[in-house]
Structures are given as structure tokens and as C-alpha cells.
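Take a walk through this model with the structure open beside the text.

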Amino acid sequence: MGRTLLIGNPNCSWKEWLKAERGDADWICLDPAEVVSNYLARLTLTQADRTTFWRFYGSLDPQRYPHVLLAGLVGLLNQASDDAVIQLFRYQPNPILKHTAQLIAQIVQPRRILVAKGTEISLEGWPTGPEEIELGQPLPEIAISAQRKASWLKLIENCETHEIPFGQVSFEGVRIGSGFRLERSLMERARFPEGMYAEVCGSTLFMISDEELDEGLVASALDDLHCARVQYASPSAYERLLCSFAKQDGEDFGLGYIEKIDFANETIYAKCTAIPVAPVRILRLGALKIDAKGNEIGEVRPWQV
């Protein structure tokens, strides 16, 4: 008994190893780009042949949200058996991924650590000595792209429209909700355009608007609000972002994407797999965007929106 941690790289695949060696063990996949699980941009727990729990990640890049990787791992471990197999993201040599990988190993406390040959990672400093093994090659990139597109099209097909008032949810994964929203009286006193969204987080004024604001007006607002800098975003920057609906305790129950956010009327329009009457308490927004044809159209910069 005991857990097994799998560490691979972009040039290998765990698919055949899992098929031959996993047996009845639970499988936690911490690779948000793993097409085999058919749960892209999510962290998953598969028990037998069924994915029973998942945590929204919102990106295909493991460097994007290391804190979500760790939080997701803890939640999935709470549901998994003591002999679970934990598959790490595709490792590439850089400080963030190295330290994240070692923190994951410290949390998991595996009995075995298997490292695919060719993975550029030190074999020192782990809870138990890693074993190097040979793995097969991944599918060609064209086949992986086709599988990902098929997954997004299936998601789009299973989504329904939801209208969510701002007052119903808290936001995760984006700047919105990180600070204190400016009250209407302050917006009017600063002569900001009607319907514009603005909030203050520390010394930063965050503004969402398509209108260009007078530099003098912005400078005056910064002074009044004791802010040192301003950051802008357009309402259209939120369109097509992946999103998840979650309960108050953080459990995800629906995956989808943002159609648009109407800041003037404080309403979010989203397509999601959840049923329309579902009580959404947390709206998680990711970085990846998909279009209506299932194409990935890039990721927004960290904390841009």
C-alpha cells in the first residue's frame, strides 16, 4: 500500500503505464492539459473508470495557478484511497514548477516516485528516492489538438445559458472582487462614466471600461483614493473565458464559459453545464478562451482581468 507519484515531461505519456500498472487504484491527475482524462483545464480524481471529483483550473499551463494546484490536490486527496496514483503536470525545468513539484511530493508523501527518463529534474531532495523508468511517446500534436477541440465542442454542446447577478457570487481567479468596489457616490464624485466598474485593491485602482478617460480625471481619482497606479480592462476581455460554478464550500459543479459581463447592469451571462436553477455562490474564471467552434484562442495575461 501507499501512494505513487508520477513525474513526466512533454515528450512522454503515462497512458500505457496507467493501463498496465494502475490496477484498481484511484488516479489523481494534476495535468490540466491531459487529454486522456477528457477533463481539460481541470484537476481530477478517477475512481475505477469514472471521474468522481474535479477542481477547476482554467488553464492548460501548470505554471499559471500553482496555488490552485496545491489546493486542488489537497481536496482530491481527501476523497482518494491511500494507494492512489498521482500524476503530476508535464514537467519542464524552471523554478516555479520545480518548487511546486516538491511541495506536491511533501503533501502526498508517496511510497514511490517514478520519473520518466529524459525529465530534466534533480533526483535529490524528495521524500523518497525517485526511480527512473522508460515511457512511450505521446500522440502527435495534430492528434492532441483534434482531441482537445472535440472536448471543447462537447462542452459547448452541453452548456445552458445562465444569468447571474453580481450580488449572488464572489469571484475567483480574476482581479474582480480582490479589493473594494467604489460606491456609486464616489464614482459620481470622480466623474467616472455611468456603468463603469472600478475597485481599489491596496494601492491599485482597477477600472473596467471601453471609454478613454481624461488623464487629469484619473490623476485626481488616484489622489483622492490614495492609490499609486491604475490598471484598465475592457468588458470584452472577459468574453469566452472558461469558468466554473462552485458552491459556498468550494465544490465545483458546472463548467462553462463567459458569454459577456454587463457591468452597467451588474449581470454575468455564462454558458455552463450546470442546470439553470443551480445556486451559484462562487464564480471561478480561468485564463483560457475558446471560441464557438471549439478552438483555443489564447490565454489572458496573469491578473490582466
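The model is predicted. Start with its largest pocket, which holds about 370 Å³ of space. The pocket is lined by 18 residues. Closest to its centre are Pro10, Ala33, Arg90, Gln92 and Arg148. Two elements give two or more residues to this lining: α4, spanning 141–157, and β18, spanning 296–299. Of the elements, α4 gives the most, with three residues.

Now move to the second largest pocket. Its space comes to about 290 Å³. Here 22 residues form the lining, and those closest to the centre are Cys12, Ser13, Trp14, Lys15 and Pro138. Helix α1 (15–21) and strand β5 (85–90) each supply at least two lining residues. The largest share is that of β5, with four residues. By type, the lining of this second largest pocket divides into 11 nonpolar, six polar and five charged residues.

Next, the cysteines. A disulfide is a covalent bond between the sulfur atoms of two cysteines. How many disulfides does the model have? The count is zero. Then look at cysteine 159. The closest cysteine sulfur to its own is in cysteine 272, 6.0 Å away, so this pair is also too far apart for a bond. Cysteine 159 is buried too, at a relative accessible area of 11%.

Finish at a sheet. Strands of a sheet pair through backbone hydrogen bonds, either parallel or antiparallel. In this open sheet, four strands run in the order β10-β11-β12-β13, and their pairing is mixed. Which strands stand at the edges? They are β10 (180–181) and β13 (229–233). Each has a single partner strand, so one side of each is left without a neighbour in the sheet. Between them in the order come β11 and β12. Strand β11 covers residues 197–201, and β12 covers residues 204–208. These two pair in the antiparallel sense, over five bridges. To see the pairing in the model, find tyrosine 197: it stands opposite isoleucine 208 in β12.

Terms used
Residues numbered from 1 in each chain as written. Predicted model: local features only at pLDDT ≥ 70, side-chain atom pairs only at ≥ 80, totals over all residues. Heavy atoms only, no water. 1 Å grid on protein atoms, 1.4 Å probe; cavity = no way out; pocket = protein on both sides within 12 Å on 5 of 7 lines; lining within 4 Å. Points joined across faces, edges and corners; volume = space filled by probe spheres on them. Nonpolar A, V, L, I, M, F, W, Y, C, P; charged D, E, K, R; others polar. Disulfide = S-S within 2.5 Å. Buried < 20%, exposed > 50% of the residue type's maximum accessible area, 1.4 Å probe, protein only. Pairing = 2+ DSSP bridges.
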